[in-house]
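Welcome, and thanks for taking a look.

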Amino acid sequence: MLKARVIPCLDVKDGRTVKGVNFVDLVDAGDPVEQARIYDGQGADELCFLDITASHENRDTLFGVVNRTAEQCFMPLTVGGGVRTVDDIRKLLIAGADKVSINTAAVHRPDFVAEAARKFGSQCIVVAIDAKAAGPGRFEIFTHGGRRGTGIDAVAWARRMTGNGAGEILLTSMDRDGTGEGFDIDLTRRIADAVPVPVIASGGVGTLDHLVAGVREGGATGVLAASIFHFGTHTIAEAKAHMAEAGVPVRP
Amino acid sequence: MSVAIVDYGSGNLRSAAKAFERAAADAPRRPRVAVTADPAELARADRIVLPGVGAFVDCMTGLARLPGMVEALHERVRAGVPLLGICVGMQLMATVGEEHGIHDGLGWVPGRVVPLAPGEDLRIPHMGWNEIERRADHPVLAGLEAGAHAYFVHSYKMVPDRPGDVLAVTDYGGPVAAAVGRGNVLGTQFHPEKSQRNGLALISRFLEWRP
């Protein structure tokens, strides 16, 4: 049976992790590679790097991080943030990424997703959707790290992107992100019901019960979280044990 | 000893190469790992790896675009060199692929590559960790104990003509071939290079395999 995935996400800026990461046994708390290794050891099912480097020149540091991570962690690695061209994708794959996630560039030019999927295969093209509630049962997508509204309906967008060849949707609720109040289940369920591809729920995890709800009530095939893992509130292993106890199939 | 990973422009090649480099560094004979698009390199290799992501036809086209590569692969397989196909690299071993039309495969393991049937709760691609159930004894798969997990990403599955060529299955809306093989060719639908400890152990055993 296919297992629900637990995916820790690290925000990387200029090659260093931002947002505090608070493991006891880290030598260098800002080194994403070292953090990746800890999550690998804890049994994470996948890793996600979100690059928030502002300047294009500094992006080369990201390739170094991806390269060093892929040399040490033999698990799927998704990298997102600032992916705009086929060449960006190629460079990330050469560095050792398995999947890339595309957000703003897909909104600017939806055909980019189709081109990328044709070139590299749907399995490595993730479309990241940042959505906010815009009325009862309606959600709008945002770009530029959630700063810019688009007027585009999230459900219609998710359908369009999977139609263009996206192999997975990484869905973040902007309303819940950073709140610790749990996933936006209504949003997650609507997207999961609308598309045939796997959906990763993100934004708002504060307790282990939230992870269970994302899969069971939201219909997500994977759950992504940052703070509860970074701050040492819970380990990946604890998260999985909790999910298993609640009857969600996970890889031990 | 040397391992040739065939580079025909397909997907996450580096990620596969890194896992083989790691396994090779720990192997008794410390084989050299070369990522290559040169058929002459295959002639010198003691092990060949055929990776593959994306569509069946794109991968076959990519191979055919390298002059002499398909012939070199056939020649080395006939000569008994151990070959591991990964994901679409495994599917290419079939007789035909039915993704985007009907296309010839390499034909080492008679069979067809057909779509995973989407069901009510079945998302496509089949993406994530799933259990491996061995159907036959094979030295390279020996370490995959009951309940062992591996990482899958695929939308098509291989159906060998001879059930005996299915070495392991996983369950996704019914049994799906997780490993196939005969003689000196072996294929895994899952990605050993992404399957952490289980995957690296499989790669190590492939490096030591003497069919």
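Predicted model: local features only at pLDDT ≥ 70, side-chain atom pairs only at ≥ 80, totals over all residues.

A salt bridge here is a side-chain nitrogen of Lys or Arg within 4 Å of a carboxyl oxygen of Asp or Glu. Over all chains, the count comes to 24 salt bridges.

**Where chain A meets chain B**

- Chain A brings 40 residues to the contact, and chain B brings 28 residues.
- About 2700 Å² is buried between chain A and chain B, and carbon and sulfur atoms give 54% of that area.
- On the chain A side, the residues that lose the most area to chain B are L2(A), F74(A) and Q123(A), which together make up 29% of what that side buries.
- Between the two chains there are 20 residue pairs in polar contact, counting pairs with both residues at pLDDT 80 or more.
- Which elements give two or more residues to the side of chain A that touches chain B? They are α2 (60–72), α3 (86–95), α5 (111–120) and α7 (185–194) of chain A.
- Of the elements on that side, α2(A) gives the most, with 4 residues.
- By residue type, the side of chain A that touches chain B divides into 20 nonpolar, 8 polar and 12 charged residues.

**Salt bridges between the chains**

- Side chains of opposite charge can pair when their charged atoms come close.
- Chain A and chain B share 3 salt bridges.
- One pair to look up joins D98(A) to K194(B), with the closest N and O atoms 2.8 Å apart.

**Salt bridges within a chain**

- R251(A) pairs with D45(A), and their closest N and O atoms are 2.9 Å apart.
- Within helix α7 of chain A, D186(A) forms a salt bridge with R190(A), the closest N and O atoms being 2.8 Å apart.
- D186(A) and R190(A) are 4 residues apart in that helix, so about one helical turn separates them.
- D186(A) is partly exposed at 36%, and R190(A) is partly exposed at 36% relative accessibility.
- In chain B, E75(B) forms a salt bridge with R76(B), where the closest N and O atoms are 3.8 Å apart.
- Here E75(B) counts as partly exposed, at 39% relative accessibility, whereas R76(B) counts as buried, at 15%.

**Cysteines**

- How many disulfides does the structure hold over all chains? The count is 0.
- C48(A) is buried, at 6% relative accessibility.
- The sulfur of C59(B) has its closest cysteine sulfur in C87(B), and the 8.5 Å between them is too far for a bond.
- C59(B) is buried as well, with a relative accessible area of 2%.

Technical notes. Residues numbered from 1 in each chain as written. Chains lettered and ligands numbered in written order. Heavy atoms only, no water. Disulfide = S-S within 2.5 Å. Buried < 20%, exposed > 50% of the residue type's maximum accessible area, 1.4 Å probe, protein only. Contact = heavy atoms within 4.5 Å. Buried area = accessible area lost by both parts, 1.4 Å probe. Polar contact = N/O pair within 3.5 Å; in protein donor to acceptor, adjacent residues only side chain to side chain. Nonpolar A, V, L, I, M, F, W, Y, C, P; charged D, E, K, R; others polar.
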